[in-house]
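This report walks through one protein model, part by part. Keep the sequence and the structure in view while reading.

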Amino acid sequence: MIKPLAIAALILLANRGWCQTVDELNEQAMQDLANGKVAEALAGFQKVIALDSTHVNALIHLGFIYYSNNIMNEASAHYSKALAIDPENPFAHNNLGAVYLAVGKHNEAIIEYKLAIKFNPDYPEAHNNLAYAYYLLGLYERAIASAQKASELKPDYFPAYNNLGLSYNALGKYDDAETNFRKALEIKPDFVAALNHLGATLRSKGKNDESIQIYLQAAKIDSMNIDTYNGLGITYLSKGELQKASDAFKKVLAIAPQDPVAHNNISYCYYELMNYAMAMQHAKAASRYGIKVNPDYLADLTKALDANYLRARHILVKTEAEAQEILSQLQAGASFPELAHQKSIDAATARKGGDFGFFQKGDLNAEFEKVILNLKVGEISAVLKTAAGYHVFQRLN
């Protein structure tokens with residue numbers, strides 16, 4: 001079956017005359033491609049190849065058009081034809097590497113990028129593409145070296161600084177990551193990928209408010225970017241702002257209903273909002289669309305939907321005055337998990353936001369269970385004094 005792109009090209013081919021020289025046809029096709037006239041460019045390059053099957057430039061540009069339209073087998077075939085004619089062509093090697101990277105053949109991509117560099121050592125794009133391939137394989141130091149070489153060859157090449165930031169971020173060198181993402185943005189302020197990565201780095205540094213502002217800036221530039229809203233939602237989750245996080249993930253799903261990351265993330269929102277049925281629905285969707293959902297989380301969800309299981313959390317402090325102050329903060333809307341992290345002296349539960357996890361009647365201290373069972377789901381208890389100190393409980397299931 002002839003693809004729609006090819007049909008459009010054939011129609012244009014039939015309508016154009018054959019009076020131009022091959023080089024003139026190739027030049028016209030390149031101009032068409034530069035002006036966004038993809039079908040015209042495709043027709044022109046195909047005409048060049050019909051007249052001269054060894055025209056390397058036309059083969060490479062045809063490969064690029066197919067690559068840009070996600071027709072990877074055709075792109076690969078045209079780059080391979082170009083290399084059969086000109087084995088030392090760095091552009092064909094670089095572009096074939098991009099095809100391999102797109103289909104997950106990282107090692108093959110690295111081989112092609114290295115060949116591109118062998119035949120043109122001063123090719124910044126090839127060095128930068130090699131950096132990204134190394135990054136995807138977790139070879140972060142090699143990625144940094146390659147991206148630095150790209151930036152040395154072309155100091156205003158913003159993708160190189162973005163790749164440097166990615167690798168530094170992966171190594172936990174967040175200050176270096178932030179510096180490089182900001183360098184990329186100095187050169188190209190509307191570089192949404194760098195904004196998203198900067199937002200993630202700032203979140204890793206605990207600068208959640210700055211992270212949110214960066215993501216909101218990215219959303220103004222590209223309101224359909226799902227990475228922006230996923231990142232924004234995760235940052236709101238980090239702050240314990242569950243409803244805002246949920247709203248961000250819903251924006252992702254409005255754009256891409258089958259996005260597994262958003263389904264997985266919004267599932268956690270619903271879990272913390274104690275809407276366990278919706279949490280399970282989205283966890284199943286995440287799994288169906290390609291993410292491996294944490295099996296321990298799925299086990300907890302199953303228990304959450306079982307009436308025989310309870311779930312609660314608490315904050316334990318030494319004095320009644322401190323407990324009463326915490327209760328007042330909770331009643332005013334403070335985050336229970338955050339206060340548990342900050343204030344609770346029960347180390348075993350504090351690191352989990354005070355959460356006991358799921359349990360059945362008889363599993364907990366009887367005095368604790370009595371208080372919990374007298375609460376409605378979501379309700380917070382009065383201060384309870386025990387031998388361990390002063391507790392504030394919240395029933396979660």
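This is a predicted model: local features need pLDDT of at least 70, side-chain atom pairs count only at pLDDT 80 or more; totals for chains, interfaces and linings use all residues.

What covers the buried residues of α19? The cover includes β1, α20 and β4.

## Helix α19

Helix α19 is made of 12 residues, 320-331. From its first C-alpha to its last it reaches 16 Å, close to the 16 Å expected at 1.5 Å a residue. After α19 comes Gly333, which has a positive phi, near 110°.

Four residues of α19 are buried: Ala323, Ile326, Leu327 and Leu330. These residues are on the same side of α19, because they cover an arc of only 100° around the axis.

Four strands form an open sheet in the order β2-β1-β4-β3, and their pairing is antiparallel. The edges are taken by β2 (355-359) and β3 (384-386); each has a single partner strand, so one side of each is left without a neighbour in the sheet. From one strand to the next, the twist averages 35°. As background, strands of a sheet pair through backbone hydrogen bonds, either parallel or antiparallel.

Strand β1 (residues 310-317) and strand β4 (residues 389-395) run antiparallel and are joined by six bridges. In one of the pairings, Leu316 has His391 of β4 as its bridge partner. Helix α20 (residues 336-343) lies across β1 and β4, and runs at about 40° to β1.

In soluble globular proteins, nonpolar side chains tend to be buried together. The largest nonpolar core in this model has 38 residues, and the members that touch the most others are Phe45 and Tyr113. Two or more residues come from each of α2 (22-34), α3 (38-51), α4 (56-68), α5 (72-85), α6 (90-102), α7 (106-119) and α8 (124-136). Helix α4 gives the largest share, seven residues.

Which residues is Phe45 in contact with, leaving aside its neighbours within four places in sequence? They are Asn26, Ala29, Met30, Leu33, Ala58, His61, Leu62 and Ile65. Another core, of 28 residues, lies apart from the largest one. Its members include Tyr215, Tyr229, Phe249 and Val293.

Key:
Residues are numbered from 1 along each chain as its sequence is written. Side-chain values use heavy atoms; hydrogens and water are left out. Two strands pair if DSSP finds at least two bridges between them. Axes are lines fitted to C-alpha atoms, for helices over the stretch in contact, and angles run from 0 to 180 degrees between N-to-C directions. Contact means heavy atoms within 4.5 Å. A nonpolar core is a set of buried Ala, Val, Leu, Ile, Met, Phe, Trp, Tyr and Cys residues joined through side-chain atoms within 4.5 Å. Buried means under 20% relative accessible area, exposed over 50%, partly exposed in between (1.4 Å probe, protein chains only). The expected span of a helix is 1.5 Å times one less than its number of residues. The arc is that of the directions from the helix axis to the C-beta atoms.
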